[in-house]
Amino acid sequence: MSEYQYYEFQAIDRPLTKDELEQVRALSSRATISATHFVNEYHYGDFRGDERRLMEQLYDAHLYFANWGSRRLMLRLPSALLPARNAEPYCAEDALTCWTTNGHLLLDFAYSAEDGCEWDFETSFTLASFTTLRTELAAGDRRPLYLAWLSALTRWELEEDVDEDEYTSTLEPPVPAGLARLTGPQQALADFLCIDPHLLTAAARASGAAPSQAIDKDALAAWIRALPQHEKDALLLDAALGVAPQPGPALLARHCAASRGTAEPSTAARRRSAAELLDAAHEVRSEHTRQQDQARAQARRAQQLARESHLDRLAENAEQAWQDVANLIGKKQPGPYDTAVTLLKDLREIHDRADTPEEFARRLHDLREQHRGKSSLMRRLTDAGLTSR
């Protein structure tokens, strides 16, 4: 299997300076590079840069995946919008790590092929599917963080050397609202991290309704007008000079948090253990399997009833059906031959139901004798098991 690796970085809050661009271009001669974007694919060799360092210093989002199954998504946003203390409860094993540097919080989502999600040779991701997660997190939406914890639990369940007591003693982090109705980027993240959908369904049972995503423009305008003049002047100056992140996402996040009063997940509900969640996921999976089996049984029954109805109608005028076979064969074409064979198989079943198989055998024998020179037809009859007895 040939090697494939994909690297993509994006600068969202501010573009790279000329010196920073030169620094990045020195890392790769084949990458597509601009002041806001870096993308490269490797079919051999490796990226020479340090992804963590590039994220700490230059970029706001990074995506990596390889055809052996390794996956990584890194996001950076101002720590004033998402303090590390709010993200740390969701960090688990290798699924999510976070750290703070230079006034930014960095989130590192990861998945490895050995955890059970196989490469299907059609898997492909782009960073554009995930960048909106920054805005959601800045606005206080903790669903992306909880998804990372569920991903860790998904792979933890696959391990063979885990003590049952660990499942019982490990409690889930605060459950955010809206798990039953993820946003598009959040669903993309769930797929990226190979979260068991049955586990997600079970987890969502303790999650309230998702907050409204609609923005009240009048309320937003009133909130902006109420900001101190000196703060608005500073925001505009920084934006004009390009020396600070663009103020739009941060302002919108502050407004959304203020509108809700608090962005913290509800802690009123009892936190479930990992064992409880896995047991609930098993129940969801079993019910899903039962419903699938029931649906397949109903489909088979419907097909059977339709088949019986078709044969009943055909039996009412079997002689016309035999004449139709003769007419189809008379066209001496592959398509009509195939239709004739299908009709003959129906007639065989009709005669079996009427307990007259000898009559069918006799008429089939006569038909084969009459058209024995048509090799294409004879081959089709033989392949369909329509041979003389």
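**Helix pairs**

I started with helix α5 (residues 143-158) and helix α8 (residues 197-204), whose axes come within 10 Å and cross at roughly 130°. The model is a predicted one, by the way. I also looked up the hand: α5 passes α8 in a right-handed crossing.

Which residues make the contact between α5 and α8? On the α5 side I found Y146, L147, L150, L153 and T154, and on the α8 side L199, L200 and A203. I sorted the residues of this contact into 7 nonpolar, 1 polar and no charged.

Next I turned to helix α14 (residues 334-353) and helix α15 (residues 357-370), which pack at about 150° with axes 7 Å apart. That angle makes α14 roughly antiparallel to α15. Here L344, L347, R348, H351 and D352 of α14 meet P357, E359 and F360 of α15. My tally for this contact reads 4 nonpolar, 1 polar and 3 charged.

**Cores**

Then I checked the largest nonpolar core, which has 59 residues; L73, L107, F109, F130 and Y146 touch the most other members. Helix α5 gives this core its largest share, 9 residues.

My last entry is a second, separate core of 22 residues, with I329, A340, F360 and L377 among them.

Methods: Residues are numbered from 1 along each chain as its sequence is written. This is a predicted model: local features need pLDDT of at least 70, side-chain atom pairs count only at pLDDT 80 or more; totals for chains, interfaces and linings use all residues. Side-chain values use heavy atoms; hydrogens and water are left out. Axes are lines fitted to C-alpha atoms, for helices over the stretch in contact, and angles run from 0 to 180 degrees between N-to-C directions. Helices (H or I, at least four residues) and strands (E, at least two) are DSSP runs, numbered from the N terminus. A crossing is left-handed if the near helix is turned anticlockwise from the far one by less than a right angle, and right-handed if clockwise. Contact means heavy atoms within 4.5 Å. Ala, Val, Leu, Ile, Met, Phe, Trp, Tyr, Cys and Pro count as nonpolar, Asp, Glu, Lys and Arg as charged, and the others, Gly among them, as polar. Angles under 35 degrees count as roughly parallel, over 145 as roughly antiparallel, 65 to 115 as roughly perpendicular and the rest as oblique. A nonpolar core is a set of buried Ala, Val, Leu, Ile, Met, Phe, Trp, Tyr and Cys residues joined through side-chain atoms within 4.5 Å. Buried means under 20% relative accessible area, exposed over 50%, partly exposed in between (1.4 Å probe, protein chains only).
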